[in-house]
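Hi,

Here is the structure I said I would pass on. Have a look at it first, and then read my notes below.

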Amino acid sequence: MPPVPGTGAHADADTELPALTGRAVLLRGAEQRDVPALAAIRATPEVRRWWRGPESTADLEAEVGEDLDDPTTRVYAVEFDGRVVGQIQWYEETDPEYRHAGIDLYLDPSVHGRGLGTDAVRTLAHHLLTDRGHHRLVIDPAADNTAAIACYRRVGFHPVGTMRAYERGLDGRWHDGLLMDLLPTDLIP
């Protein structure tokens, strides 16, 4: 079913985005009103390095807004102390032979180092494993993104392998990615 325009949520009751409460963060369906804050976070050098995107504010806001209406990706705003501090999203492979979900995340550099990324990933992972019934989750940080890799390890993700020349960086060169996965028994509470 197509997304409900401007909400980041989907009309199908099976894919509606419930609010998820972590230890410190609240994950809620991202909305068009969140776009300026999310685009500003994406524009910071620390986030743009990994997430790239257009340089102009208007183009970046348009890209972030389009992400909210993508019917294949569920997008949450990450809130901390009542303020949007990032985005976490998930997608799923629905083929019963390969069913699993994948996660992506970015946070405002002003809140890095506080455990909020770990809290957000753990909260979403718990939801995907428990409520959505996935038996496996994947995440694919850049191989040299040591902070992200450490965060995902704290949740229980394990490296599976290096994906060589996986993505093109801001420098125009191809860079490796690290494929990590998590099974329900791996999740660290």
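A word on naming before anything else: helices here are DSSP runs of at least four residues, numbered from the N terminus. With that in hand, His 126 belongs to helix H4, which covers residues 116-131. Keep in mind that this is a predicted model.

Staying with His 126 for a moment: its relative accessible area is 43%, so it counts as partly exposed. Leaving aside residues up to four places away in sequence, His 126 touches Asp 131 and Leu 187. Pro 189 sits 63 residues from His 126 along the chain, yet their C-alpha atoms are separated by 8.9 Å.

Next, helix H3, residues 57-68. Which of its residues are buried? They are Leu 60, Val 64, Gly 65 and Leu 68. Looking down the axis of H3, you'll find these buried residues within an arc of 135 degrees, so they line one face of the helix. That face packs against helix H1 (35-43) and strand E3 (73-80). Over on the other side of H3, Ala 58 and Glu 66 are exposed.

Now for the aromatic rings. How many aromatic pairs are there? The count is two, taking rings of Phe, Tyr and Trp whose centres lie within 6.5 Å. One is Trp 51 with Tyr 106: the ring centres are 4.7 Å apart and the planes are at 70 degrees, so this pair is edge-to-face. It ties together distant parts of the chain, since Trp 51 is in helix H2 (residues 45-51) and Tyr 106 is in strand E5 (residues 100-107), 55 residues apart. As for how accessible they are, Trp 51 is partly exposed at 22% relative accessible area, whereas Tyr 106 is buried at 3%. The cut-off to remember is that buried means under 20%.

The other pair is Tyr 152 with Phe 157, and it is edge-to-face too, because the planes are at 65 degrees, with the ring centres 6.3 Å apart. Both Tyr 152 and Phe 157 are buried.

One last thing to look up: the charged end of Arg 74 sits over the ring of Trp 90, 4.7 Å from the ring centre.

Cheers

Key. Residues are numbered from 1 along each chain as its sequence is written. This is a predicted model: local features need pLDDT of at least 70, side-chain atom pairs count only at pLDDT 80 or more; totals for chains, interfaces and linings use all residues. Side-chain values use heavy atoms; hydrogens and water are left out. Buried means under 20% relative accessible area, exposed over 50%, partly exposed in between (1.4 Å probe, protein chains only). Helices (H or I, at least four residues) and strands (E, at least two) are DSSP runs, numbered from the N terminus. The arc is that of the directions from the helix axis to the C-beta atoms. Contact means heavy atoms within 4.5 Å. Rings of Phe, Tyr and Trp (its six-membered ring) pair if their centres lie within 6.5 Å; planes under 30 degrees apart count as stacked, over 60 as edge-to-face and the rest as tilted. A charge sits over a ring if NZ of Lys or CZ of Arg is within 6 Å of the ring centre and within 35 degrees of the ring normal.
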